[in-house]
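Hello,

Here is the structure I promised to pass on to you. Have a look at it first, and my notes follow below.

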Amino acid sequence: MFKQFIEDAKSIAQRDPAATSVLEVIFLYSGFHAVCFHRIAHWFYNKNMRFIARFISQMSRFLTGIEIHPGAKIGKGLFIDHGMGVVIGETAEVGDNCTIYHNVTLGGTGKDKGKRHPTIGNNVLISTGAKVLGPFKVGDNSRIGANAVVLSEVEPNTTVVGVPGRAVRRGDQKIVPSIELDQIHIPDPVAQELCRLKQRLESLEKELLEIRGGEPEGMKTNPVSYGMVEECELEMGKEITDDETL
């Protein structure tokens, strides 16, 4: 277990640009402390010493502001940055080398027994204020945007934003968001949908003009509108087509 603590600290020091040394992580990072407390509490939980396990987790919550149920399964190299307000439920599972920011909830829905919390894959980045609720899988290398509310399964290599969360596949581009830590340059599905509507409107206007044999009296074409789609594509950084699936 001590060896795992050192590996966790090294992983955090490598990924956080604010960390100056592994010793700084060990002594000063509340997210690291919360994970260490959890690994001890989880050991007691597996030995069926539930009261001691819960006592340790509540003590950790008091000291760090991070609440991890002792029954949760945490993989290697979890980086909880800042961490205040993070809640991880009893049946939640977190894969290797994930990054979680403050005010994130990995929660359940309802009072059902058994698996009721999400399973997070490897190399997943969960941004500030995100809520992932329910017993489904978030695929490897996925990214959950700030304040997103995710209520259904997320496929690998996918970015999810919005309320409720909407998934945007990033093509075949392979990324490691938990290492990259980029929470800004992510696709916006709402903006993409607006661009598609503008593109469809432009196409219908052109067809109407062709059918009528020219521009009818009183119907003036807006010269700016025909460049709107191209501007959208430039803003989104990708080509938008009618048959593209969110």
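**What I found**

M59 is partly exposed, with a relative accessible area of 33%; partly exposed sits between buried (under 20% relative accessible area) and exposed (over 50%), using a 1.4 Å probe and protein chains only. M59 belongs to helix α4, residues 50–64. Helices here are DSSP runs of H or I with at least four residues, strands are runs of E with at least two, and both are numbered from the N terminus.

Before going on, a word on the source: this is a predicted model, in which local features need pLDDT of at least 70 and side-chain atom pairs count only at pLDDT 80 or more, while totals for chains, interfaces and linings use all residues. Residues are numbered from 1 along each chain as its sequence is written, and side-chain values use heavy atoms, with hydrogens and water left out.

M59 also takes part in a nonpolar surface patch of about 810 Å², together with M49, F51, I52, F55, F62 and L63. Patches are built from residues with over 30% relative accessible area and no salt bridge, joining like charges within 9 Å and nonpolar side chains (Val, Leu, Ile, Met, Phe, Trp, Tyr) within 5 Å. The areas come from the Shrake-Rupley method with a 1.4 Å probe, and for residues only the protein chains shown count as cover.

How does α4 sit against α3? The two helices pack at an angle of about 170 degrees, with their axes 8 Å apart. That makes α3 roughly antiparallel to α4. The axes are lines fitted to C-alpha atoms, for helices over the stretch in contact, and the angles run from 0 to 180 degrees between N-to-C directions. Under 35 degrees counts as roughly parallel, over 145 as roughly antiparallel, 65 to 115 as roughly perpendicular and the rest as oblique. M59 is again among the residues involved: in α4 it is one of those that meet α3, where the partners include F37, I40 and F44. Contact means heavy atoms within 4.5 Å.

Next, the salt bridges, of which the structure holds 5. The term means a side-chain nitrogen of Lys or Arg within 4 Å of a carboxyl oxygen of Asp or Glu. Three of them:

- R39 and D8 meet at 3.0 Å, N to O. R39 lies in helix α3 (residues 30–46) and D8 in helix α1 (residues 2–15), so this pair ties together parts that are 31 residues apart in sequence. Both R39 and D8 are buried.
- K115 and E93 meet at 3.6 Å, N to O. K115 is in the loop between β7 (105–107) and β8 (119–120) and E93 is in strand β5 (residues 93–94), so the pair links parts 22 residues apart in sequence. K115 is partly exposed at 36%, and E93 is partly exposed at 30%.
- R61 and E67 meet at 2.9 Å, N to O. R61 is partly exposed at 42% relative accessibility, as is E67 at 22%.

Is G139 buried or exposed? At 4% relative accessibility, G139 counts as buried. Leaving aside residues up to four places away in sequence, G139 touches G121, V124, V154, E155 and P156.

Finally, the overall picture: the protein chain has 7 helices and 15 strands, and buried residues make up 44% of its 246 residues.

Best wishes
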